[in-house]
Amino acid sequence: MPVTWTRRGAPAETYKPLNQRLRTLNQQFKRFQQMTFSHLQSIAENYNISNSIDSRFQVLSRQFERISRELRAFKETTEHSLNSLKSWTKSLQKKTKRLDSSLANMTRALRENNHLNLRQIQKQRTELSDLSHKIQKQQSHTGSLESLRNQVQQGMRDLQTSLKRHQAQIMKLESQMQGLFKIISTSKKEGLDPLNSIRRQQGVVLRHVQPKPKSEENRMRNRLLSGPTEQPQTYKIKDRQQRLWQSTVQPTVQAEEDLFQLPLRHKIPQIKTPREEARICNVGSMLLFPSASTENYVTFQRSFQTGAHELSICTWLKVDGKYLGTILSYATENNDNMLVLYGRSSGILGVMDFVIGDPAYRELSLQNILDGNWHHLCIIWSSIEGRFWYYLDRHLVSTGSKFQKGYEIPPGGSMVLGQEQDSIGGDFDEAEAFVGRLAGFALWTRSLSPGEVSGLASGKGVPRGAVLSLNDVDQMFGSVQHVTCECLEHCM
């Protein structure tokens with residue numbers, strides 16, 4: 001029984017004995033009045049003093065009436081005070097309930113903020129670890145680049161030395177060629193044999209080597225063979241000039257060819273930029289939805305073959321818009337919102353609706369899905385007790401029960417990615433279109449375990465029994481692109 005309080009803090013139950021006592025006194029007084037009246041009447045009859053008795057009785061009656069009025073006034077005052085106390089108590093109870101509700105909401109918000117802060121700290125630690133790993137890779141890559149730079153610098157120095165040496169050789173060969181041309185021209189003017197003149201001048205030793213048929217050699221040979229047509233024994237002069245070509249000009253041409261052949265250690269090595277190591281290699285392919293248009297959507301070759309009492313939907317997604325849009329829509333003849341996973345552009349941007357058998361749905365927090373990065377989403381539902389689990393990046397974000405308990409998702413409907421169906425296969429709304437990328441999408445008609453969800457998000461294979469995946473895509477409409485990429489890091 002609730003306890004009420006007076007304005008001075010005393011319980012209202014303390015007034016009940018007082019009221020009862022007053023009522024008792026009133027009843028006793030009435031009995032006393034009757035007894036007194038009867039007694040006085042008897043006295044008046046016996047002693048003939050009725051006049052004095054009447055006057056005394058009138059006095060007593062007036063006193064009784066005065067006491068009665070005072071009692072009634074006291075009773076009214078008391079009742080008014082009790083009513084005021086009751087209203088004040090009700091107001092206090094309402095304020096207390098509101099304070100309790102506010103306190104519970106603050107406690108729940110504080111607990112959620114603490115969980116969110118813990119998840120953010122864990123994410124920052126993971127990002128810091130990945131960043132340290134990348135810095136170590138970059139440092140090793142920088143060391144390899146420095147070693148390659150040193151090799152290139154050494155190669156350049158060797159190349160400069162080789163160029164200087166070849167330049168000296170070229171200058172020497174040019175001086176020799178000028179001397180030979182001078183001897184040949186002098187021999188022609190004097191009518192002497194150029195070979196004998198060269199022998200006498202420089203003592204060149206002839207070698208019988210078959211010359212290579214090169215255009216430069218032919219030009220040089222024609223230049224050497226040009227002379228007086230009236231000279232006798234032409235065949236001997238040609239033979240001597242050919243041998244002179246082999247011993248003098250051919251080494252010069254060979255030296256010019258060798259000038260541009262650099263040693264192997266002088267070649268600049270090719271620098272290969274290391275590709276980022278891939279860790280999530282179980283996605284298979286990716287769907288790209290480039291813009292918010294009712295023309296951009298994807299259909300499947302099949303949907304549910306039998307009624308589904310359990311469901312698991314998992315995918316990697318990267319949202320390019322300011323809202324989520326529709327990831328999945330399953331419509332039947334009886335309900336165009338039989339299974340929907342979407343977030344409206346006009347509603348709360350941080351919330352995603354998970355619909356099973358419209359109008360039943362649950363609101364799920366998007367967390368940081370709209371930050372433009374890849375995130376792994378996994379939603380699981382079971383008709384047993386109506387339980388559902390919502391995983392984001394391997395972490396259980398929310399869970400609940402009594403959501404479509406004992407419900408069955410019927411087969412034979414239309415499954416669409418990227419648009420929300422208001423009729424089977426149509427009546428799309430641009431404000432509900434998905435803009436971004438979906439990779440590794442898969443659907444199971446069973447409940448995945450936490451270990452399977454974690455392994456799927458870590459790239460450790462795909463759980464068995466998937467009834468739908470991107471390999472079952474039937475048609476792509478609009479500007480949707482289907483990109484093959486085994487690893488998530490390569491899905492650009």
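Trainee: Which residues point one way from S6, and which point the other way?

Mentor: This is a predicted model, to begin with. In S6, Val351, Asp353 and Val355 point one way. Met352, Phe354 and Ile356 point the other way, and all of these residues are buried.

Trainee: What makes strand S6 "mostly covered"?

Mentor: Count its residues. S6 spans residues 351-356, and six of its six residues are buried. Buried means under 20% relative accessible area.

Trainee: How do you know that S5 and S6 pair?

Mentor: A pair of strands needs at least two bridges. S5 (residues 339-343) and S6 have four, in the antiparallel sense. Val340, for one, has Val355 of S6 as its bridge partner. Tyr342 stands opposite Asp353 in S6.

Trainee: How many bridges join S6 to S7?

Mentor: Five, and S6 and S7 run antiparallel. The cut-off is at least two bridges, so S6 and S7 count as paired. S7 covers residues 361-365. Asp353 has Glu363 of S7 as its bridge partner.

Trainee: What do S6 and S7 form, with four residues between them?

Mentor: A hairpin. Gly357 sits in the turn and has a positive phi of about 65°.

Trainee: Which strands form the open sheet, and in what order?

Mentor: Seven strands, in the order S7-S6-S5-S4-S11-S2-S14, with antiparallel pairing.

Trainee: What makes S7 and S14 the edge strands?

Mentor: Each of these two strands pairs on one side only. From one strand to the next, the twist averages 20°.

Trainee: Now the rings. How many aromatic pairs does a search of the whole structure find?

Mentor: Nine.

Trainee: Why is the pair of Phe289 and Phe434 called edge-to-face?

Mentor: Take the distance, then the angle. The ring centres of Phe289 and Phe434 are 5.6 Å apart, and a pair needs centres within 6.5 Å. The planes of the two rings stand at 85°, and edge-to-face needs over 60 degrees. Therefore Phe289 and Phe434 are an edge-to-face pair.

Trainee: What parts does the pair of Phe289 and Phe434 tie together?

Mentor: Phe289 lies in strand S1 (residues 285-289). Phe434 lies in the loop between strand S11 (414-417) and strand S12 (436-444). The two parts are 145 residues apart in sequence, so the pair ties them together across that separation.

Trainee: Why is Phe289 called buried?

Mentor: Its relative accessible area is 0%, and the limit is under 20%. Phe434 has 1%, so Phe434 is buried too.

Trainee: What makes the pair of Tyr297 and Phe477 stacked?

Mentor: The centres of Tyr297 and Phe477 are 4.4 Å apart, with 15° between the planes. Stacked means planes under 30 degrees apart. The pair links distant parts of the chain, 180 residues apart: Tyr297 is in S2 (residues 297-300), and Phe477 is in S14 (residues 473-477).

Trainee: Which residues form one aromatic cluster?

Mentor: Tyr297, Phe428 and Phe477.

Trainee: How do you know that Glu420 is buried?

Mentor: Its relative accessible area is 4%, and buried means under 20%. Glu420 therefore qualifies as buried. Glu420 is found in the loop between S11 and S12.

Trainee: Leaving aside neighbours within four places in sequence, which residues is Glu420 in contact with?

Mentor: Thr326, Ser329, Asp336, Asn337, Val340, Asp427, Phe428 and Glu432. Two of these have come up already: Val340 is the bridge partner of Val355, and Phe428 belongs to the aromatic cluster.

Trainee: Which residues of helix H6 are buried?

Mentor: H6 spans residues 450-457, and its buried residues are Val453, Gly455, Leu456 and Ala457. What covers them includes S3 (310-319), S8 (375-382), S9 (387-392) and S12. Just after H6, Gly459 takes a positive phi of about 80°.

Trainee: How many helices and strands does the protein have?

Mentor: Six helices and 15 strands. Of its 492 residues, 33% count as buried. Among contacts with a separation of 6 or more, 71% come from residues 24 or more positions apart. The accessible surface is about 31200 Å², and 52% of that belongs to carbon and sulfur atoms.

Definitions and conventions: Residues are numbered from 1 along each chain as its sequence is written. This is a predicted model: local features need pLDDT of at least 70, side-chain atom pairs count only at pLDDT 80 or more; totals for chains, interfaces and linings use all residues. Side-chain values use heavy atoms; hydrogens and water are left out. Buried means under 20% relative accessible area, exposed over 50%, partly exposed in between (1.4 Å probe, protein chains only). Rings of Phe, Tyr and Trp (its six-membered ring) pair if their centres lie within 6.5 Å; planes under 30 degrees apart count as stacked, over 60 as edge-to-face and the rest as tilted. Contact means heavy atoms within 4.5 Å. Accessible areas come from the Shrake-Rupley method with a 1.4 Å probe; for residues, only the protein chains shown count as cover. Axes are lines fitted to C-alpha atoms, for helices over the stretch in contact, and angles run from 0 to 180 degrees between N-to-C directions.
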